[in-house]
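Open your viewer and get your selection tool ready. We will walk through some charged pairs and surface patches together.

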Amino acid sequence: MALRTRIITRAFSNLTHKPKLQVLGNGSSDVIRVDPTGSPVSNCGSSFSTAAAAVEAPVERLFGLVKEYEDYRRGLYGGLTHKALFVDAVGTLVIPSQPMAQIYKQIGEKYGVEYSEDEILQRYRWAYGQPWRRSSLRYVNDGRPFWQHIVSCSTGCSDSQYFEELYNYYMTEKAWHLCDPEAERVFQALRAAGVKLAIVSNFDTRLRPVLRALNCDHWFDAVAVSAEVEAEKPNPTIFLKACELLGVNPDDAVHVGDDRRNDIWGARDAGCDAWLWGSDVVSFKEVAQRIGVEV
């Protein structure tokens with residue numbers, strides 16, 4: 001039943017987009033969510049009930065179509081639905097261990113930062129939402145110019161030592177932890193079954209040190225990071241680069257990520273399949289099972 005509910009959710013959610021903000025470490029649980037319809041929740045009760053009733057009837061058919069498609073894919077690939085799995089980094093593989101504003105404030109106090117965490121978060125959201133004036137790409141090489149701008153706008157502090165301490169913090173294992181504690185076991189099973197693995201991430205060149213710090217870099221056959229590819233999701237170029245690195249065709253791969261615009265729409269525009277983390281799939285074990293690998 002849980003899987004069927006997520007399938008229905010996916011059918012509706014494909015029509016909407018929920019934007020996500022990131023932090024100096026390229027991700028955070030600090031997320032802006034907007035009602036896709038713009039309607040007050042208090043006014044939608046009866047409409048939702050009507051919609052739910054309308055959907056209930058074709059649930060079995062929808063579930064059957066998904067199973068039929070996955071069975072078809074397994075027939076093509078010898079029991080597997082896909083030959084390759086792409087994984088988003090921040091928000092899917094890893095998440096910050098502490099809220100961004102808390103770290104900005106905590107490290108910044110000795111440099112004279114006086115803003116509260118709420119003020120830092122609001123200023124950060126504003127700064128991150130503005131067009132980056134220097135380039136269409138935010139994360140060029142090490143991303144320092146972009147992040148110096150964000151940190152200064154967020155905290156009012158332009159001290160270079162403060163920035164360097166903050167910037168380097170997000171390269172350490174203290175800053176991050178894995179979203180799914182079973183990830184290593186699942187990825188080992190996928191690779192043993194012949195599924196190739198790659199990270200596909202909008203990140204600067206700190207991503208590789210972060211993966212090494214968390215001792216998970218060896219789980220993957222390739223890493224496609226926007227700062228190196230010079231293309232940021234949802235640009236299909238970064239997904240096509242991952243295909244090239246793994247030696248697979250786009251329709252051989254499925255991408256898993258937590259951002260509908262960047263991960264789902266971007267991957268599908270490149271010709272890959274895509275599953276939304278937290279909705280279509282909620283664990284890497286479920287990802288493996290949908291591909292056809294038991295863990």
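The tour below goes through this predicted model, stop by stop.

Stop 1: Select D88 and K233, whose side chains meet in a salt bridge at 2.9 Å, N to O. The two residues are 145 residues apart: D88 sits in the loop between β1 (84-87) and β2 (94-96), and K233 in the loop between α10 (226-229) and α11 (236-246). Are they buried or exposed? D88 has 5% relative accessibility, so it counts as buried. K233 is buried too, with a relative accessible area of 5%.

**Stop 2: a second link.** Now pick D221 and R191, a salt bridge of 2.8 Å, N to O. This pair also links distant parts of the chain, with D221 in the loop between α9 (207-213) and β5 (222-225) and R191 in helix α8 (residues 183-192). D221 is partly exposed at 40% relative accessibility, and R191 is partly exposed at 36%. A search of the whole structure finds twelve salt bridges.

**Stop 3: a nonpolar patch.** Show the surface and select Y69, Y72 and L76, which make a nonpolar patch of about 330 Å². Y69 belongs to helix α3 (residues 59-76) and is partly exposed, with a relative accessible area of 39%.

**Stop 4: a negative patch.** Finally, select E109, E117, D118 and E119, which form a negative surface patch. D118 lies in helix α5 (residues 117-129) and counts as exposed, at 60% relative accessibility.

Definitions and conventions:
Residues numbered from 1 in each chain as written. Predicted model: local features only at pLDDT ≥ 70, side-chain atom pairs only at ≥ 80, totals over all residues. Heavy atoms only, no water. Patch = residues over 30% accessible without salt bridge, like charges linked within 9 Å, V, L, I, M, F, W, Y side chains within 5 Å. Areas by Shrake-Rupley, 256 points an atom, 1.4 Å probe, with all protein chains shown as cover. Salt bridge = Lys/Arg side-chain N within 4 Å of Asp/Glu carboxyl O. Lys, Arg positive; Asp, Glu negative; His and termini not counted. Charge placed at Lys NZ, Arg CZ, Asp CG, Glu CD. Helix = DSSP H or I, 4+ residues; strand = E, 2+ residues; numbered from the N terminus. Buried < 20%, exposed > 50% of the residue type's maximum accessible area, 1.4 Å probe, protein only.
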